[in-house]
Amino acid sequence: MAFTDEWRHAIQDIRGDLSFEDNANQLRKLLKTGLLTLTDLRDDPEKFFLAHRLLAENAPKLGPGFSIRFTVQYNLFAGTVLAIGDDEQVAQLASMQAGGLLGCFALTEKLAGVSSGMVVQTTATYDAAGDCFALNSPTAGAEKNWISQGATADKAVVIADLRVGGKSYGAHGFLMDFRKGGKLVDGIEVGDMGRKTVGNDLDNAWIRFKNVTVAKSALLRKYCDVVDGQYVAKKKGIRPIEMIGQRLFSGRIAVAQAAVTFAQQLVKMTEQYSDNKACWTPGGDAPLSNVPQLRGLYKVAHQRLAGVADFLLAVEAQLNECLRKSAIPSTELVEAIAVGKVKGVETAIDVCFQLKQEVGSYALMGDTGFEQMDFLQCCKFAEGDSRILMQKIARDRMHAFKKKKSISGDPKEVELCTKLAAAMSARGEGAWDEEWQAVYELAGVVCDRVVGKWAPSARL
C-alpha cells in the first residue's frame, strides 16, 4: 500500500495537454524519484505491473500519450537491456535513471509495419578496422517508424541485422547514444509521424540511419559478442531476437491491463454522471441510471471487466516468476499471454463502445473520457495486434490437432479444426485465408477455453 500511495501522489499532476517535449520532461522527473526502478521488471515485477495499472486509471482524462511513453521507457527500452544486456550494460540503467535520461526502442520499420515488427532490414555491419559497427537504413522500407519517444530520447535500443565478415546473423540489439547534449548523433535523421487523433503529447518518429558509427561495446552481449572479428554465440540454442521477444510478453500483459483499467474507469465516471443526472418520468424525476438498458449494461460491464482483470492477474502471477528468474515462459503461458492481450483489449473496446451508444449526447462532450477512446485503439495494435495474435492462436491449435495432440474435448473446437484441416487438404495452404472466418472463430473458442482454465469464475 505504501508504494500505491506514493506512486499515486507522484503521478497526480501529470498532464496530457502538453507539448511532447514537456510531456517527456514529466517522465524525466518521475524517473528521478526512483519509486519504480528500470530494473523492477526483473527485481519486482508485481510493482512494475501495478505502476502501469495505476497510471492507466488517469487515462480517460489524460489519453494514451504518457502511458505509452512510460511503458516504452520501462518495458521496451530498459526491459530489452535487462533481457539481452550483460551485467555491465544493465548497470548503466541506474545512472540513466538518476540523470533522467530517456530511451526509445527502435524496432518497427516502414516496410514491415507495426504488425510484423520482427522483420528487420536495418543493418549493423562490423568494421574490423575500426572495431565498431556501421548502422544503416539501406532502403526507405528499412527506416524505423512509429518510434515512440524518438524525438526526445537520449539513448536508444536499436534492433538491426548484425553482419560480420559478410554474413548476416539476424536481428540483434544495440544500446547506443541517440542524442548528445540534445543534438542527434551524426548520421541519424528523425522526422515526425504526423498528427494523431489522440496522444499528441507523445512524439512518434521515423528514423533513418546513414553510416552511423556505433561502438563495439554497444552490442547487447549477454548471449553473443564479436571477438577477434568473429561472431560468438555465448549460449547455444538461444538467439538474441528470441529474448527480445520476451518484452512482448510483459508488454502484452501491461497493455491489456491498461485497457481494462481504462474501461473500468470510464464506466465508473459515466455511472457517476448518470446517477446524478435527473430525468423526467410520469412518477417524478429519476436518475438516468434507472433506465433499464443502462442499468443492465453497468451490471454486465462490471462483471465482464472484473472477470478479465482476474484472468490477467492469474497470468501475470506466473509471468512474474519467469521475469524474476529470467526464464523463458512455457508454451502454455505464452498462449495465455496472447489470449490475455486479445480478451483484455477486445472486452474493453466492446464494453466502452456499448456504453457510448447508450448515454446519448453525453458521449460527445469533452472531459467525459469518451474523447479518449482511441486509447483502446493504441492498445489493440501495441505489442501484437489482436488479429495477428488470433492467427497465431489458431495456427498453434491446428498444429497440435494435426499431431493428434489432445488439448481440448470441446466439440466446437474439434469441429472447426476438422473443417480447416479438410479445406487445406483439398485446396492447399490458400484455404487458410479463404476460411478466415473459421480461423478467427477457432481462435475465439480457444480463447474462451484458456480463460475458463485460468479464471473459472470469469464471465466475459
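Which helix holds L30?

1. L30 sits in helix α2, which covers residues 20–33. Helices here are DSSP runs of H or I with at least four residues, strands are runs of E with at least two, and both are numbered from the N terminus. The model is predicted: local features need pLDDT of at least 70, side-chain atom pairs count only at pLDDT 80 or more, and totals for chains, interfaces and linings use all residues. Residues are numbered from 1 along each chain as its sequence is written, and side-chain values use heavy atoms, with hydrogens and water left out.

2. L30 counts as buried because its relative accessibility is 4%. Buried means under 20% relative accessible area, exposed means over 50%, and partly exposed lies in between (1.4 Å probe, protein chains only). Leaving aside residues up to four places away in sequence, L30 touches W7, A10, I11, F66 and F70; contact means heavy atoms within 4.5 Å.

3. From L30 to V185 the separation is 155 residues in sequence and 26 Å in space, taken C-alpha to C-alpha.

4. N211 belongs to the loop between β10 (204–209) and β11 (212–215). Its relative accessibility is 58%, so N211 counts as exposed. N211 is not a glycine, yet has a positive phi of about 50°. Most residues other than glycine have a negative phi.

5. S326 also deserves a look. S326 lies in the loop between α10 (292–325) and α11 (331–358), and has a positive phi of about 55° although it is not a glycine. With a relative accessible area of 39%, S326 is partly exposed.
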